[in-house]
Structures are given as C-alpha cells and as structure tokens.
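Let's take a friendly walk through a protein chain, stopping at a few spots that deserve a second look. Keep the picture open while you read.

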Amino acid sequence: MSALMKMHRVRRLFSPALARSISDVAKYPRITTHYTLNPREKDERWTEVDMERCVEEVDLVIVGGGPAGMSAAIRAKQLAAEKDQEIRVCVVEKAAEVGGHILSGAVIDPISLNELIPDWQEQGAPLNTPVTKDTFSFLTGSGRISIPVFKGWPMDNHGNYVVRLGHLVKWLGDQAEALGVEIYPGCAASEVLFHEDGSVKGIATNDVGIAKSGAPKDTFARGMELHAKTTIFAEGCRGHLTKQIMQKFGLNEGSEPQAYGIGLKEVWEIAPEKHQPGLVEHTIGWPLDRFTYGGSFLYHLNEPTPTIAVGFVVGLNYKNPWLSPFQEFQRFKTHPKVRDVFEGATRIAYGARAINEGGFQSLPQKLSFPGGCLVGCSAGFLNVPRIKGSHYAMKSGMLAAESAFEAINADAQSTAGVEPTGYAEKIKDSFVWKDLYSVRNVHPSFHNPLGLYGGLVLSGFSIFMGGREPWTLKHGPQDHESLKPASSCPPIVYPKPDGKISFDLLSSVALTGTNHEGDQPAHLTLKDDRIPVDHNLALYEGPEQRFCPAGVYEYVPNEEGGNMKLQINAQNCIHCKTCDIKDPKQNINWVVPEGGGGPAYNGM
C-alpha cells in the first residue's frame, strides 16, 4: 500500500464526523442495553442462541395476582363449578410470592368480598380491624383544623375495615388455589402475543440469564408462552403491557388522559397507650403548598403488636421540579400535631406505589378488545375522594370473569382470541360506574386559580350534589407536562433526617426488601440516552433524582465526557412506576425485570 493511500485511510478514519461520534460516545455513554430497544436480531451475540419457547394452552390467563386478578380467577372457577365444567385458569404474578408487590393504604369496603366469598369471616380472611372512628383535618404550619365527616360522604368509613392488603391478596390466592387455579409467582409477563387476525393470543413470560451488557449468559433460558382463549390484564396502575394494549386497540381514544399520584407508606409499631385500633385519620394541607394536590393517611391496625400504617400521597401533576414526594412525607411526620404518635416508636416497613387519580373521565372508552379486557387499576377504577379502589378491582375482576366465561362458552370453537363483549355493559350496570360518576368532579375541582382553597369549596359542592351537577370537569395537562423550569421555581430545602421520625432514602429502601439479579439489563429503559442530560438535567435539574422514591436515578460526574451523566441503580427499583409517568419527555419506559425481582413487602 502506497504512503498516499495510507495517509488517505488515516484521514478517513479520523474524519470530523467520526471524531464527533467518538466525542458523543464519551459525552453520552450507553445506558440502555435492554433487548426491547436493542433488537437481538441485529446483535451477533444472539445468532446461535435457541429462541424456541415452550407453549401451554389454557382457557383464561390473568396477568397480575392482585385483588382484581385473584377475584377474576376465583369467580371463573366458581362459575365452572356451578356449570359442572372444566376450565383451566392461570395467574402469572411477577412478585416472588403472592402479595409481595402489593401496596395500599388500605381501608377496604367489603362489598365485593361479601359477594365473592360470603363466608369470608369463617374462612379466616385477614379483615381484623373494623373502622371505629374517622377524622379529617387541614394542617397549617403549626396547627390542625378539623373538618367534619358527614355520614354517607366519601370520607365516612363506617362499615369498612383497615387491612394490610398484601395479606388479603395472599389469602385470596389461597382460596383461588383451593379451587384449582394455577398461580405462577415469580413469572413476569413481558410480551403480549397476537393471532394473525390481530386478536390477543396470550402472553409470554420474560427470559432469564441475560447479562447487563445485553448478551446471553450460560444460564440463559427462554420464557414460556401461555396461549389463552381470553386474557385478562390486571397489572395494576400503569401496567407496561396494558400501555401497549391501550395503544394498539385505541382503548382510551376520547378519554381524558389518566392522572396519577404517588403514594408512600410506612408501617410502625407505636407505644400501646397511643394505639387506637380502628382509628382512621386523614389530613390535607401542610407541608404541600396550595397548588400541589395531596394529603396523608394514618390507620391504626388491630394486630398482636400496636401497629399503624402511615402514608402520604402527592399528585404527580406538581409543577416545582425541586419537590421530592419522599421528603414531603418525611417532613409531614415532623408536624407538631402529628409527631407525637411516632415518638419512641419503631419503623418496620416502607414502600411506594403510583395510583390512578383520573377517575371517571380517564376510564378507557373501551374496556374489552379482541382476546381480552382490562380490570382494576389497569383500567383506572379508583375513587379518589374515598381513596379506595380495592373493592372496584375485585368487582371488575368478577365481572370480567363472568363475561369471559360466557364468551368462551358461546364461541367454544374459536381459533382466535375471544372478546368478553358483555364486560363493559356489566361494569356500567354496577356500583363501580355509579360511584365513579358521582365523584367525577372532585379531583379536577382542585385545578383552579385558588388551588386547595377553591378545590375544597368546589369539591364540597360536588359531593353535596351527589354528582348530579350537569357538567364534567377536565383534568388539564398530563402529569409529565406540568413541570416548570427549575430556574423559575424556588428550590426546596428539606431538613436533615433525624433517624427517629424522619429518615434518609437509602435506609428506607432497605426496608422494602427489594432485590434484583445484579447482572441483567436495567429494566428502566431510555428511548434516547441523550435526553436525561440534554433536557432533564439542563432544564429541570434532574427531577428523576427527586420524584423516584427509591434512589434509582442519580447524576454523577462523567470523567470521560467532562459533563454529568445519568446513573440508573436498577437494583433499588420498587416497581412504583412513577418514573414512567412523570419523566418530562416520556423517555423512560418501565419494563419487567427478571421474574421474582422487586420489593418483598409483608402486608403493605
């Protein structure tokens, strides 16, 4: 090769374009290695890997083993027994144990449980704490103003029970298994399968044994396929497969966008003399400003030890990027009218979860589709002023099972996915629809120039009217669109945790029991690795560092690029989905990690 040709090749190798790309790689190091954004078909490391999956044929697959999913499974088996039929029902649950990912307040209305299992008391259902007293207060910086709770209004909990919802779900799982339901914990549904006609065919569980780099390990094993006549999606709030289903079938076209909150919760053992089993307390106001929606709950449980559940909810349409929902929760506990209950007490659990707050306006226009339907929080069935959704989840699961059973029997020879077409009508004829319609204007009432103060007046009027007002208010911009630039908002300086009543984030995450296989691709995927630095950090000072309640996201120095870079600590993730909701550019897409990963809640 001539000297001239060598010189030409060197110039070509070090062209300005290549130099820029090398610079870009240093400035924007690769973060996402997950196969959903890096197709294996284009990765030579996967060319010799056997990708065949084992297949199981069943009648009904239920994705998610929460209140909705378990109720659907139980009801389907009850109907089969009544008709003396055999029906194969499978529940796939990503938690290592049934109930392990469940987190809720929770005060439960037993109306659906009474219908599903009338003798639940004799069967030992863990509803041990009937509500004995309700209080509702407005907190100022130093005081508490009582707000009356009228009989029959949303905050009236007469006849309800304080529960640890994870324990109730575990009990429901036991009832389901006793009826012959097949439950697969530790199996995360990672993919929706379709027939050639476009109807849903079932789901595939996730592969295991993939290295953090995205390459197959020696332990690689393909997931399995579950083919069903009907698939019920009961993933809970912001389910990652539900998002795909909604988009593919246009289920929420014409609906208001869903609104969300983040709920943070702790369980404490307190001094016996301060314990009042059955006491239910709610507050609004401090520490949030009047334009940030949210409030607290504190429930006294009837357990062998004097136990309380305390939590804080922040609407995810907040505007100030400096706000940290976790820090607001810690600050709430230090209020002079609140902190006494925590003096000398011991915190034994912590967790967080996103919740639906859109209500009636945000329900999908279509609840079913060819091959399946949505139930529970996957559909958005939550009554915001009552802060309840478990009884709606259970009822919707029961109605879905009834509709699916009818449809499967009516179309027994179908080779495509069977749609439970009667499901939507059953929902509209139930108390679920009536309840949600009657409180449809409560949450959006707080979108007004006076904020909290105007919201209390307008929502009070709506509750007084019982939803009979001839208008339906809108929610406004989506949650991810609400942040203002950091430069235009006052920074929020939070007090240092004292380690007795308020705590730091990482010691809190340690209480969740969360665990993930370390050598796997991060399941918090980024559509564009540049956006965190170029947009989120530049404009909002990296809000994911503050809205995540588990310390998953942090910005650290990038020595190679001379700038900052986003670091994703995926092992900390507690599956709350807040990042998927609040990320300003909707650049973060939450997908399932290896099955069994995530928090290990004990009755949260």
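A salt bridge here is a side-chain nitrogen of Lys or Arg within 4 Å of a carboxyl oxygen of Asp or Glu. With that in hand, meet E82 and R75, whose side chains form a salt bridge at 3.6 Å, N to O.

Some ground rules before going on. This is a predicted model, where local features need pLDDT of at least 70 and side-chain atom pairs count only at pLDDT 80 or more, while totals for chains, interfaces and linings use all residues. Residues are numbered from 1 along each chain as its sequence is written, and side-chain values use heavy atoms, with hydrogens and water left out.

**Salt bridges**

The structure holds 24 salt bridges. R75 also has a salt bridge with E402. This one ties together distant parts of the chain: R75 sits in helix α3 and E402 in helix α8, 327 residues apart. (Helices are DSSP runs of H or I with at least four residues, strands are runs of E with at least two, and both are numbered from the N terminus.) Another pair is E56 with R88. E56 belongs to strand β1 (residues 55-63) and R88 to the loop between α3 (67-82) and β2, 32 residues apart.

Here are the three pairs side by side:

| Pair | Closest N and O distance |
|---|---|
| R75 and E402 | 3.0 Å |
| E56 and R88 | 2.9 Å |

Are these residues buried or exposed? Buried means under 20% relative accessible area, exposed means over 50%, and partly exposed is in between (1.4 Å probe, protein chains only). R75 is buried because its value is 16%, and E402 is buried at 14%. E82, with 56%, counts as exposed. E56 is partly exposed at 26%, and R88 is partly exposed at 26%.

Most residues other than glycine have a negative phi, and most peptide bonds are trans. Now for some exceptions. G105 and A106 are joined by a cis peptide bond, with omega about 0°, and A106 lies in the loop between β2 (89-93) and β3 (107-108). The bond from W286 to P287 is cis too, with omega near 10°. You'll find P287 in the loop between β15 (279-285) and β16 (294-300).

As for positive phi, I387 has a value near 55°. Look for I387 in the loop between β20 (372-374) and α8 (390-410); this residue is partly exposed, at 38%. Q586 isn't a glycine either, yet its phi is about 50°. Its loop runs between α15 (578-582) and β24 (588-590).
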